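Thanks for making the time this morning. I would like to take you through one structure, beginning with a single residue and then widening the view to the whole chain.

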Amino acid sequence: MPTSKTQKIINDLTEQIESGALAPGDQLPSTAALRAQYGVSVTVVRGAVSWLKAKGLVQGHPGLGVFVVEHEK
């Protein structure tokens, strides 16, 4: 079954968070950077980031960006 563009971003960022490549307190790349990296629309990036927020992996700070939160291993 093919993976959606949104799911690919979710999988990649989740893996980076779980592996420690993105540590608690680290800022996610900007929406523009993620769009360029994955070749997707802003809607796809926002959907992926919203899912990560809903799962408690990241937290948005208006005007600052989206950051990885402390998580249990």
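Which residues does Val58 touch, if we do not count those up to four places away in sequence? Before I answer, please keep in mind that what you see is a predicted model, and that the values I quote are computed from it.

The answer is that Val58 is in contact with Ile17, Leu28, Val49, Leu52, Lys53, Val66, Phe67, Val68 and Val69, once residues up to four places away in sequence are set aside. Val58 itself belongs to strand β1, which covers residues 58-61. Its relative accessibility is 4%, and because buried means under 20%, Val58 counts as buried.

The largest nonpolar core has 18 residues, and the members that touch the most other members are Ile9, Leu28 and Val58. Two or more residues of this core come from each of α1 (5-19), α2 (31-38), α3 (42-54) and β2 (65-68), and α3 is the element that gives the most, with five residues. As background, nonpolar side chains in soluble globular proteins tend to be buried together.

Stepping back to the whole chain, we find three helices and two strands, and, read from the N terminus, the order of the elements is α-α-α-β-β. The radius of gyration is 12 Å, close to the 11 Å that the globule rule gives for 73 residues, so the chain is as compact as a globular protein of that length. Along its principal axes, the C-alpha trace spans about 30 × 30 × 20 Å.

As for burial, 29% of the 73 residues count as buried.

To return to where we began, Val58 is a buried residue of strand β1, and, together with Ile9 and Leu28, it touches the most other members of the largest nonpolar core.

How values were computed. Residues are numbered from 1 along each chain as its sequence is written. This is a predicted model: local features need pLDDT of at least 70, side-chain atom pairs count only at pLDDT 80 or more; totals for chains, interfaces and linings use all residues. Side-chain values use heavy atoms; hydrogens and water are left out. Helices (H or I, at least four residues) and strands (E, at least two) are DSSP runs, numbered from the N terminus. The radius of gyration is taken over C-alpha atoms; the globule rule is 2.2 Å times the number of residues to the power 0.38. Buried means under 20% relative accessible area, exposed over 50%, partly exposed in between (1.4 Å probe, protein chains only). A nonpolar core is a set of buried Ala, Val, Leu, Ile, Met, Phe, Trp, Tyr and Cys residues joined through side-chain atoms within 4.5 Å. Contact means heavy atoms within 4.5 Å.
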